[in-house]
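Grab a pencil and work through these exercises one at a time. Try each task yourself before you read its solution.

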Number of protein chains: 2
Amino acid sequence: MGLVQDSRGLRILDQTKIPHSEEWISVSSSTEMIGLIQRLAVRGAPLIGVAAALSIAQEAHLFSPVELRTRLRLLREARPTAVNLMWAVDRMLVALDRAGPAALPLEAEQIFTDDAKMCEAMAAMAYPLLPKNGSVMTICNTGGLATVGIGTALGAIRYAVEKGNSIHVYVLETRPLGQGARLTVWELANLGIPYTLVTDSMAAFLMCRKKIHGVFAGADRVARNGDVANKIGTYGLALLAKHHGIPFHIVAPSSTFDSECANGGAIPIEERSPEEVRFPFAGSEVQVWNPAFDVTPASLITALVSENGLRENGSAGF
Amino acid sequence: MGLVQDSRGLRILDQTKIPHSEEWISVSSSTEMIGLIQRLAVRGAPLIGVAAALSIAQEAHLFSPVELRTRLRLLREARPTAVNLMWAVDRMLVALDRAGPAALPLEAEQIFTDDAKMCEAMAAMAYPLLPKNGSVMTICNTGGLATVGIGTALGAIRYAVEKGNSIHVYVLETRPLGQGARLTVWELANLGIPYTLVTDSMAAFLMCRKKIHGVFAGADRVARNGDVANKIGTYGLALLAKHHGIPFHIVAPSSTFDSECANGGAIPIEERSPEEVRFPFAGSEVQVWNPAFDVTPASLITALVSENGLRENGSAGF
């Protein structure tokens with residue numbers, strides 16, 4: 001888990017430091033939390049929603065409802081793509097309007113509990129999609145670090161392994177920031193689940209030369225028509241999976257579903273600092289494009305799994 | 001150019017140091033050259049063939065034909081995938097058998113001259129495939145650094161720009177070793193050709209969101225049926241191009257064509273050190289798969305261009 005709330009207050013595990021060191025940062029204000037979210041010390045669509053809620057809950061007794069509302073709005077805008085942040089902030093806004101600042105800590109606690117429960121429920125729903133004995137691929141980090149539970153896509157893999165399935169995980173490095181190489185590998189090693197790290201450029205050849213039973217990814221936003229925004233590289237991976245006849249699954253909690261977004265074209269895509277792409281090979285003068293997410297059309301997704309069930313491609317409502 | 005042969009002898013530009021510094025290494029033996037080829041100080045399928053030939057030419061007066069033959073065999077095995085190395089070594093072996101060690105310097109010089117000429121001729125052949133005004137994508141480095149001429153795929157782009165075409169080049173970083181980010185960007189900046197660097201994981205979204213007129217790649221070996229081994233990531237890129245309706249072209253000299261290789265399945269694929277994939281995100285204990293090349297089936301290649309002409313997909317002999 002990338003976040004702890006206890007008698008010592010709210011602390012987050014600085015994910016930019018994993019796997020080299022495990023540094024916990026105490027967070028005393030929502031303003032600080034915005035900074036931590038923007039520099040990806042706190043990351044993972046579900047986790048940033050929970051973290052945002054808890055950071056405001058801490059301030060509930062310090063500020064007026066007007067000030068709290070302003071702070072919630074600023075938190076809501078910390079990053080544009082993952083809708084879980086907006087979902088959590090909106091729940092806090094509703095609680096504030098309904099019952100005032102005193103209601104915020106309880107609402108944040110409920111958001112925390114809900115996230116952990118949704119992870120467990122999603123994993124159970126995804127279970128039939130996992131191979132008994134086989135290999136899967138995954139991109140970015142969708143495990144315990146990205147949520148306050150067992151994770152989304154990686155949580156489903158973990159759940160199946162704990163049920164006795166024998167699964168090998170091919171981890172895509174996930175450039176530019178290496179969440180696969182840094183975070184997913186770290187989680188899998190800690191869990192004792194066998195894995196192999198590959199660069200993103202190896203995905204197609206891997207699918208061609210090794211037997212892959214499924215690709216499992218998370219999501220940052222699911223549009224009404226089933227299009228999914230997720231970490232840059234996901235769309236290409238879905239196309240490659242389709243070509244090789246490999247099922248491509250998205251595992252994401254209902255907090256990632258945006259009913260106000262008709263389709264993927266309406267999802268804002270965050271573009272981040274060129275420095276992320278320049279590192280480690282290119283100098284500071286090099287021209288770069290750095291979209292942090294892409295959009296996978298619903299047609300490429302074999303099954304979309306949430307805690308409420310499993311929508312298979314071609315089925316009603318997809 | 002990544003290699004110079006003059007009164008000071010044979011020197012190679014250490015490509016592992018580009019773009020940070022331009023360090024030239026004097027090479028006095030073929031044994032040294034093997035080391036430089038294996039650690040990629042000398043790289044690029046055409047260039048390693050030329051470099052191998054020149055390194056033996058230097059030793060022609062020092063050793064017996066038997067010893068020279070042994071040294072040529074060791075050079076031939078320095079790297080397994082690019083066939084240009086074998087092509088150059090075999091030319092040297094034929095010259096040695098025909099006219100003895102004294103013939104080697106002239107044969108090496110001819111190999112050098114042929115490579116530069118093939119680059120120019122290929123670029124002219126590829127010219128009709130380049131957009132007048134538009135954007136292209138490329139992977140790895142296929143420019144002046146990879147040959148002793150203007151390059152293969154990147155040479156064709158450069159040729160068209162020098163003819164007056166207005167071309168923007170999207171450069172794929174090319175993990176794990178970053179030849180795109182380090183070498184191709186450096187060449188394009190030196191040539192004043194506008195470019196944008198992206199990670200390999202951005203290729204699909206780039207094709208979806210920007211207008212791309214063609215993908216241009218080089219080759220390490222072309223099989224008789226037109227299958228192409230090239231830098232890892234090329235196969236996936238070809239699949240993504242096909243999905244988006246973007247022409248995918250291979251530009252490679254005849255020295256890259258292996259008539260003894262029936263199809264891509266017969267091309268040996270070099271697997272390199274895990275450290276290449278671990279850098280810069282993962283620790284030394286992380287499990288890795290590191291194929292340095294992949295195979296693109298002929299069916300995904302729109303046109304295969306050599307100095308002898310242009311074979312379009314579906315045409316006779318492809």
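**Exercise 1.** How many of the 10 residues of helix α6 (residues 153-162) of chain B are buried?

*Solution.* A word on the ground rules: this is a predicted model, where local features need pLDDT of at least 70, side-chain atom pairs count only at pLDDT 80 or more, and totals for chains, interfaces and linings use all residues. Residues are numbered from 1 along each chain as its sequence is written, chains are lettered from A and ligands numbered from 1 in the order in which they are written, and side-chain values use heavy atoms, with hydrogens and water left out.

Step 1: Buried means under 20% relative accessible area, exposed over 50%, and partly exposed in between (1.4 Å probe, protein chains only). Helices (H or I, at least four residues) and strands (E, at least two) are DSSP runs, numbered from the N terminus.

Step 2: count. In α6 of chain B, 7 of the 10 residues are buried, which leaves the helix mostly covered.

Step 3: name them. They are B:A153, B:L154, B:G155, B:A156, B:I157, B:Y159 and B:A160.

Step 4: look at the partners. These buried residues pack against α5 (104-126), β4 (133-138), β5, α7, β7 (214-217) and β10 (248-251) of chain B; contact here means heavy atoms within 4.5 Å.

Step 5: check what follows. Just after α6(B), B:G164 has a positive phi of about 115°.

**Exercise 2.** How many residues of chain B are in contact with chain A?

*Solution.* Step 1: count both sides. 50 residues of chain B are in contact with 50 residues of chain A.

Step 1: B:F205, B:F281 and B:W289 supply 22% of the area that chain B buries against chain A, more than any other three residues.

**Exercise 3.** What is the volume of the largest cavity, and which residues are closest to its centre?

*Solution.* Step 1: define a cavity. On a 1 Å grid over the protein atoms alone, a cavity is a set of points where a 1.4 Å probe fits but cannot get out; lining residues have an atom within 4 Å of a point. Grid points are joined across faces, edges and corners, and the volume is the space filled by probe spheres set on the points.

Step 1: search. There are 4 cavities of 30 Å³ or more in the whole structure, and the largest has a volume of about 280 Å³.

Step 2: read the lining. 28 residues line the largest cavity, and A:R43, A:G44, A:C140, A:D220 and A:K231 are the closest to its centre. Helix α2(A) gives the most to this lining, with 3 residues.

Step 3: sort by type. The lining has 13 nonpolar, 8 polar and 7 charged residues. (Ala, Val, Leu, Ile, Met, Phe, Trp, Tyr, Cys and Pro count as nonpolar, Asp, Glu, Lys and Arg as charged, and the others, Gly among them, as polar.)

**Exercise 4.** Is A:C140 buried or exposed?

*Solution.* Step 1: locate it. A:C140 sits in the loop between β4 (133-138) and α6 (153-162) of chain A.

Step 1: apply the cut-off. A:C140 counts as buried because its relative accessibility is 8%.

Step 2: check the backbone. Phi of A:C140 is near 60°, a positive value in a residue other than glycine.

**Exercise 5.** Which residue does a cis peptide bond join to A:P19?

*Solution.* Step 1: find the partner. The cis bond joins A:I18 to A:P19, with omega about 5°.

Step 1: A:P19 is in the loop between β2 (9-13) and β3 (24-26) of chain A.

Definitions and conventions: 1 Å grid on protein atoms, 1.4 Å probe; cavity = no way out; pocket = protein on both sides within 12 Å on 5 of 7 lines; lining within 4 Å. Buried area = accessible area lost by both parts, 1.4 Å probe.
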